[in-house]
Each structure stands twice: as C-alpha cells, then as structure tokens.
Amino acid sequence: MAVAVRENAEVGGGLPGGHAGHADRIIFGAAALPEPDRDWLAAAERLPIESIWQGGHVLPPSATGEAITRLALITAWTERVRAGTSVLLLPLYHPVVVAKQLADLDSRSGGRVCVGLGVGGEFRQEFEAVGVPLSERGPRTDEAIEVLRSLWRGGPVSHHGRFWEFGDVELRPVEPSAMQPGGPPLFVSGRKAPAMRRAARLGDGWMPYLLSPDAYARTVARIHEEAGAAGRDLAGFEWMMYLYCSIRRDGDRARDDVAAFLGGAYGARPAAMLDRIAPAGTPEQVAGRLQAYVEAGVRYFIISPAAHEDTLEVVTLAATEVLPRLKVPVAP
C-alpha cells in the first residue's frame, strides 16, 4: 500500500508551547559537543533547530561537565532555543534540590528548559560515592519524578515515599510567572523495558539512543501497550530519538567520524551495525536513513555529532539539508 506523505514545511520554533508533541511535523535539536561554547551556541541558535542539549556525569572518568551545570550555561548563553539535559542521571540527585534548580533555570530562561532523564549505571563509582545502590536506581527515579511534579505544581507539598519523606514544604521559583505550568517536560531515555514502562506511565516523551529504525518501532509499540495497561492517553507525547550521526560533503569522512567516535565510546562495533544505529554519509544519504526513523515513529531528532571535530558542520548540514528532505507519513 502506498503511504501518503506531508512535507515538513514548518521547522524551527522559538519558545516552547507547553508539553504538546509534534505529530504533524518533524523537528530537530542538537547536542552541544564536546562542551557548551558561546560561539558554537550562537551559531547553532541561528539554525532552524528548536533545542540544544547536553548531559553529564557527576564523577566521569574524563574531565567533562555535569548535566545541570551544563544546562545552566546553555540557558545563559542562548535566547531562543529550548535547553535540555541529555541526560540527567536522576537517581544520583536529591529530587528536592533538583526540583529547585530546574525550576529556577526554567523560570529565568522564560520557560525554555526540558529534561531528558535516565538511570545511568555505567560508572559504579558515582553511585557508591553518593550512597545510592545500583539496584535502587530505577525505583528512585520513579519516585523522584513524582517528587518533581508535586513540587512544580505549586503550593504546600507533603511526600511519604520509600526513599524520601518531607511534609508541608513549598517550592518557590525565582520568577514564578515565567516557569512552564507544571514545570519542565520530562523525557525518559534508555533502551530497555523498564525505561519504556517509565516513559509510558510517567514521562512526557521517549528519548532512546543507539537504536535502529526497526528497534525504535518496537519500542513505540511497547510504550503504547504499557500506556494502555495504565489507562493513559499518549496525546501530546513526544516521540524523540537521540541520534548519533555524522554528515559531511565527503561521505567517507562521515563514516570515519562515526567509527572513530563510537568505537572509542562504546567498544568496537562492525561497520554494518554502526550504520543501523548511527547514520553517516552525505546529507542525501543521511536523510534516507532518518526517513526510516520517521516512518518508525520519530518526530523529534536530537542530532548528536559523532565526531571529534567540526561538530557545528554536522549540525548545520542536518538542519539545512537533511531536515527539509524529511516527510511525515499521513495516516490513511
């Protein structure tokens, strides 16, 4: 059966419009790699993208930043785009402190903060150092989400949970009228069943990484099943993809970028496997790969340059030459 398509005419977006999803168009964000930089951010903000993202660990094995510190820099050094964490390892933090930090950043930035969150676990020493058992990172994340939302709704809050307990406290953002109603949206990241269940039941969106289009389509089906079982309507849900990729005029250079970048970060992987989970090539070639993700359900790509240099070139080609080629399937 032929599938009708809709041109992706509306790109870019300015200030966020609440937590509504983008079922009828495709939007791009970008990861600010390797670190937030004023000139890089200024150039990226002139592109037709809607958001800029950075994550970070508390005790990483290299000299790289922490998620909320990086988020603060992005909000301070941008004016138009949304600023997001990709991702905040929520179980490493006390949720009351995080709620205040994110509320203040959101209100100071005019409601531009969005939060990608995950459970982490790659670096055991982080969890040991902050006194959080690895086995508790999932349930702590679920309870922390509940705490964040309760405090962001405003008014006095009491909480009596497994990990945290407090009574009759109230969070007051520095600029209450500028904060998004109910607080920043929470996008759940991950690749496994517990993360899908968390997204379906508690998240405003799904933001996996290192998945092929076929695997992404399976996660969409699983999240719909979980949401149905919980009696939740997913209207307005964001279907996202944190996508490692490289886009160059020279396709061979782009493929070399990905092999060197992901080979160091995630271990040696065959070229065919890398091609399924981290597109690389010319703008036309990468657009074909991203169209497969669109047909699997993605509507919001976060372009993460899988390259050690010239990362702004990757984002620029993505926004100006890949995004216009993508088309949204129209349901029969």
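User: Where does Arg140 sit?

Analyst: Arg140 is in helix H5, residues 137-152. Helices here are DSSP runs of H or I with at least four residues, strands are runs of E with at least two, and both are numbered from the N terminus. Bear in mind that this is a predicted model, where local features need pLDDT of at least 70, side-chain atom pairs count only at pLDDT 80 or more, and totals for chains, interfaces and linings use all residues. Residues are numbered from 1 along each chain as its sequence is written, and side-chain values use heavy atoms, with hydrogens and water left out.

User: Is Arg140 buried or exposed?

Analyst: Arg140 counts as buried, because its relative accessibility is 14%. Buried means under 20% relative accessible area, exposed means over 50%, and partly exposed is in between, with a 1.4 Å probe and protein chains only.

User: What is Arg140 in contact with?

Analyst: Leaving aside neighbours within four places in sequence, Arg140 is in contact with Pro91, Gly131, Val132, Pro133, Phe163 and Trp164. Contact means heavy atoms within 4.5 Å.

User: OK, switching to strand S12. What does Ser304 touch there?

Analyst: Ser304 is in S12, and not counting residues up to four places away in sequence, Ser304 touches Ala31, Leu33, Tyr242, Leu243, Tyr244 and Cys245. Ser304 counts as buried, because its relative accessibility is 0%.

User: And where is Ala306?

Analyst: Ala306 is in the loop between S12 (300-305) and H11. Ala306 is buried too, with a relative accessible area of 0%. Residues that Ala306 touches include Tyr244, Cys245, Asp257 and Phe261, leaving out those up to four places away in sequence.

User: What about Leu210, what's its phi?

Analyst: Leu210 has a positive phi of about 55° as well, and is not a glycine. Leu210 lies in the loop between S9 and H7 and is buried, with a relative accessible area of 5%.

User: Why flag these at all?

Analyst: Because most residues other than glycine have a negative phi, and most peptide bonds are trans.

User: Which residues does a cis peptide bond join, then?

Analyst: Leu33 and Pro34 are joined by one, with omega about 5°; Pro34 is in the loop between S2 and H1. The bond from Ser86 to Val87 is also cis, with omega near 5°, and Val87 is in strand S4, residues 82-89.

User: On to H1. Which residues are buried there?

Analyst: In H1 (residues 38-45), Trp40, Leu41, Ala43, Ala44 and Glu45 are buried. Their cover includes S2 (27-31), S3 (51-54), H2 (67-77) and H11 (311-322).

User: Last one, helix packing. At what angle do H7 and H10 cross?

Analyst: The axes of H7 (residues 213-229) and H10 (residues 283-296) cross at roughly 15° and come within 8 Å. That makes H7 roughly parallel to H10, since angles under 35 degrees count as roughly parallel, over 145 as roughly antiparallel, 65 to 115 as roughly perpendicular and the rest as oblique. Axes are lines fitted to C-alpha atoms, for helices over the stretch in contact, with angles running from 0 to 180 degrees between N-to-C directions.

User: Which residues meet there?

Analyst: Pro213, Tyr216, Ala217 and Val220 from H7 meet Arg289, Ala292, Tyr293 and Ala296 from H10.
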